[in-house]
Amino acid sequence: MLRFLIRRLLGFALVLVGVSIITFVLSQLVPIDPAVAALGQNARDDQIQAFRAEYGLDQPPVQQYLTYVWRLAHGDLGMSIRTRRPVADDLRDYFPATLELALCAMVVAMALGISLGLVAAVRRNSWVDALARTLALVGGSLPIFFLGLLGLTLFYTKLRWLPGPGRLDALIEPPPNVTGMYIIDSALAGDWAAFRNSIAHMVLPAVTLGYYSTAVILRMTRSAMLDVLGQDYIRSARAKGLRDRAVFVRHALRNAMIPVLTTVGITFGSLLSGAVLTETIFGWPGVGRYATASATSLDFPAVMGVTLIAAVLYPLINMLVDIGYNALDPRVSIG
């Protein structure tokens with residue numbers, strides 16, 4: 001296990017170096033001066049020069065990159081051109097909202113995808129299987145922005161069953177900041193009004209984002225379970241007189257979850273780094289909206305900070321998936 005962790009940490013370092021170089025080179029190739037973009041077309045030359053000196057934009061590109069790497073090694077992601085705050089502080093404020101949304105969406109996707117996939121596999125070619133495949137087809141075909149707007153129009157504007165955009169109602173005070181995730185923080189503080197309101201605000205964005213991911217998990221679960229149910233050891237277990245429930249739970253389910261675990265890991269990584277449309281539609285103050293605003297305003301330090309966070313998340317999730325393989329199948333070695 002120790003050798004495995006050391007190899008993965010070295011891999012993290014190489015990924016960070018590669019991503020930082022690629023992102024920095026791309027930022028240098030953009031044919032727009034970030035100082036002019038930040039200050040406006042009417043800025044004086046002395047203001048532009050002072051801005052460039054403040055953010056180190058007047059240095060040669062190689063010196064800019066080396067300075068950035070030195071600061072990055074000390075935990076400094078730079079200063080945001082748009083917000084005039086440290087990028088690390090911005091990410092510390094925005095990331096918990098994205099993490100909370102991704103976790104809730106993942107719960108929705110796993111609950112629907114795995115359960116429907118298992119039922120569809122066990123009842124192959126039945127009406128339940130046809131319904132599950134139809135839901136997967138619809139979920140994978142509908143654009144996520146259309147699904148979000150449809151949910152807002154129906155459940156917020158028309159029926160008034162659920163609240164609109166944002167994490168809380170305007171009259172509800174946010175809970176004391178512990179984790180940055182309102183559902184957990186409000187429960188820890190015993191603020192049940194904020195707890196109920198934050199859950200109500202979470203329903204639409206989590207279902208929208210999670211339903212889009214349900215299709216992938218459902219198809220993989222169904223395919224993996226059908227493949228396992230056709231194996232010789234499953235037929236042998238049934239020939240020995242084991243009940244279908246015992247065969248399903250003790251022999252088939254655990255082996256079928258191995259490829260599903262890979263899909264869940266990839267899906268969760270994409271939810272963390274790709275919730276831009278969902279956050280925009282529902283006014284969710286997360287990393288996706290922050291990255292979009294930073295990119296449109298040519299805030300290169302913020303864009304590089306978000307990119308590095310995404311570059312760390314995927315290898316980290318893959319490492320957790322590999323550990324999960326070992327838990328599901330001890331024959332898989334991660335040493």
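In which helix do R235 and D232 both lie, and how many residues apart are they?

Reply: R235 and D232 both lie in helix α10 (residues 232–239), three residues apart, which is about one turn of the helix. Helices here are DSSP runs of H or I with at least four residues, strands are runs of E with at least two, and both are numbered from the N terminus. The model is predicted, so local features need pLDDT of at least 70 and side-chain atom pairs count only at pLDDT 80 or more, while totals for chains, interfaces and linings use all residues. Residues are numbered from 1 along each chain as its sequence is written, and side-chain values use heavy atoms, with hydrogens and water left out.

The side chains of R235 and D232 meet in a salt bridge, with 2.2 Å from N to O. The term denotes a side-chain nitrogen of Lys or Arg within 4 Å of a carboxyl oxygen of Asp or Glu. R235 counts as partly exposed, because its relative accessibility is 44% and this class lies between buried (under 20% relative accessible area) and exposed (over 50%), with a 1.4 Å probe and protein chains only.

By this salt-bridge rule, the count comes to eight. One of them joins D46 to R44, at 3.2 Å from N to O, and D46 is partly exposed at 46%. Another links D93 with R85, whose closest N and O atoms are 3.0 Å apart. D93 has a relative accessible area of 42% and R85 has 32% relative accessibility; each counts as partly exposed. R85, D90 and D93 are linked in a network of salt bridges.

The domain assignment, which is automatic or taken from a database, gives domain 1 (1–74) and domain 2 (87–328). Their C-alpha centres lie 32 Å apart. The contact between them, meaning heavy atoms within 4.5 Å, takes 17 residues from domain 1 and 15 residues from domain 2. Together the two domains bury about 1,500 Å², of which 85% is on carbon and sulfur atoms; buried area is the accessible area (1.4 Å probe) that two parts lose on being put together, summed over both. R8, F12 and Y68 supply 30% of the area that domain 1 buries against domain 2, more than any other three residues. Between the domains the count of salt bridges is zero. On the side of domain 1 that touches domain 2, the elements giving two or more residues are α1 (2–29), α2 (34–39) and α4 (61–73). Of these, α1 gives the most, with 11 residues.

V122 is in helix α5 (residues 87–122) and is partly exposed, with a relative accessible area of 49%. R124 lies in the loop between α5 and α6 (127–141). R124 is exposed, at 53% relative accessible area. Leaving aside residues up to four places away in sequence, R124 touches D129, R222 and L226. The C-alpha atoms of R124 and L226 are separated by 8.4 Å, although the two are 102 residues apart along the chain.

Helix α8 (residues 182–189) has Y182, I183, D185 and S186 buried, and the cover over its buried residues includes α5 and α9 (192–229). After α8 comes G190, whose phi is positive, near 70 degrees.
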